[in-house]
Structures are given as C-alpha cells and as structure tokens.
Amino acid sequence: MATYYPPGGFYFKVEFVGVTGADSDTEQRFQEVSGLTVEIEVDELREGGENRFVYKLPKRAKYPNLVLKRGLLKGTALLDWFNSAINTFFTVVIYDFKPSDMLITLMDEAGQPHAVWNVVQAYPLKWSTSDFRAADNSVAVETIELAYQYFERKM
C-alpha cells in the first residue's frame, strides 16, 4: 500500500492575471495567504409543533476577503494597481482599472503544482504596513486585503 504524505503549506506562489508588471518572480512571492474559505449561508425555518430541530435551508455561498502578506517591496506593480483602483473608485477621472483574476498555486517538493485555486475578479480593499519598532529586529511586512467574487480549486 502506497504511503500518502500531505503537502507542506509553505511552498506556493500567487499570480495576478492581467496586472502589468505583476508577472515577475518578486511580485509572486508572499509569506502568507489567508481567506481561501467558502461558507454556505443558511436560512433557519422553525416549524410549528416541531421542537426537536430547526430546518436549515441553503441560501448562497459566502467568501471572506483574501489577505496576502509579504516583505515590504519598493516600486511594486501591485502598488501601482492599488493606486489605480483608488483613483478609479473615488475620483471623477476615468482610469483603466480592471479587477484581476488570481492563481494561487501550492507546489510540491519538486516545484510542480500540487493544487491551484483560481480567484475570480479580485480587487484591492486595504493596503497596510507593519508597525516600525526600533527595539525589534523584524522585517517590515506589507499586508494586502482583496475582495473577490468566488474561487475554484482547479487541481
């Protein structure tokens, strides 16, 4: 009988499809990805005379925001994309901003894709930087929070 070893969750890449300049290796490296979660919302139906349980009827799928973390970069294409979103969302000037599909790929030990998630129409909501503390010896980390429509696991 063959032994199965689940993959490690530390070897992955994040690709932004259609974002100019985001295809470089530096732009695809993140130290953390969270929010690949789907939950089915339900309506509870209480039937008169039935006190043992409540019927739970499915409504729709709910996807939380995607959160990406990485070391602070200089001159990043994703920051340009984020600034384009800010200029489009809150000004009268029309820019050519488009949400981006994303591919999050979990790699095996040989560098081959083990699992791929296709995130559809992601757009930035929040960009933050870790606190600076002179007493700590830590890396400056930027956090990018994205909203998206849904995701599909391809592999």
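**Briefing: salt bridges, rings and fold of a predicted model**

Glu 152 and Lys 154 form a salt bridge (a side-chain nitrogen of Lys or Arg within 4 Å of a carboxyl oxygen of Asp or Glu), with their closest N and O atoms 3.1 Å apart. Glu 152 is partly exposed, with a relative accessible area of 35%; buried means under 20% relative accessible area, exposed over 50%, and partly exposed in between (1.4 Å probe, protein chains only). The model is predicted: local features need pLDDT of at least 70, side-chain atom pairs count only at pLDDT 80 or more, and totals for chains, interfaces and linings use all residues. Residues are numbered from 1 along each chain as its sequence is written, and side-chain values use heavy atoms, with hydrogens and water left out.

**Overall form**

- The protein contains one helix and nine strands, taken as DSSP runs (helices: H or I, at least four residues; strands: E, at least two) and numbered from the N terminus.
- From the N terminus on, the order of elements is β-β-β-β-β-α-β-β-β-β.
- The radius of gyration is 20 Å, whereas a compact globule of 155 residues would have a value near 15 Å; the radius is taken over C-alpha atoms, and the globule rule is 2.2 Å times the number of residues to the power 0.38.
- Along the principal axes, the C-alpha trace spans about 65 × 60 × 40 Å.
- Of the 155 residues, 28% count as buried.
- Contacts (heavy atoms within 4.5 Å) between residues at least 6 apart in sequence join residues at least 24 apart in 61% of cases.

**Salt bridges**

- The count comes to 11 salt bridges.
- Glu 27 pairs with Arg 70 in a salt bridge whose closest N and O atoms are 3.5 Å apart.
- This pair links distant parts of the chain, with Glu 27 in the loop between E1 and E2 and Arg 70 in strand E5 (residues 66-71), 43 residues apart.
- Both Glu 27 and Arg 70 are buried.
- Glu 15 forms a salt bridge with Lys 13, at 3.9 Å between the closest N and O atoms.
- Glu 15 counts as partly exposed at 22% relative accessibility, and Lys 13 also counts as partly exposed, at 28%.

**The loop residue Gln 28**

- Gln 28 lies in the loop between strand E1 (12-17) and strand E2 (32-34).
- Gln 28 counts as buried because its relative accessibility is 11%.
- Leaving aside neighbours within four places in sequence, Gln 28 is in contact with Lys 13, Val 14, Glu 15, Ala 22 and Asp 23.

**Aromatic pairs**

- There are six aromatic pairs, counted where ring centres of Phe, Tyr and Trp (its six-membered ring) lie within 6.5 Å; planes under 30 degrees apart count as stacked, over 60 as edge-to-face and the rest as tilted.
- Phe 82 and Trp 127 form a tilted pair, 5.5 Å centre to centre with 50° between the planes.
- Phe 82 lies in helix H1 (residues 77-90) and Trp 127 in strand E7 (residues 113-129), so the pair ties together parts 45 residues apart in sequence.
- Phe 82 and Trp 127 are both buried.
- Tyr 148 and Phe 151 form another tilted pair, at 6.4 Å centre to centre and 50° between the planes, and both residues are buried.
- Ring pairs link Tyr 63, Tyr 148 and Phe 151 into a cluster.
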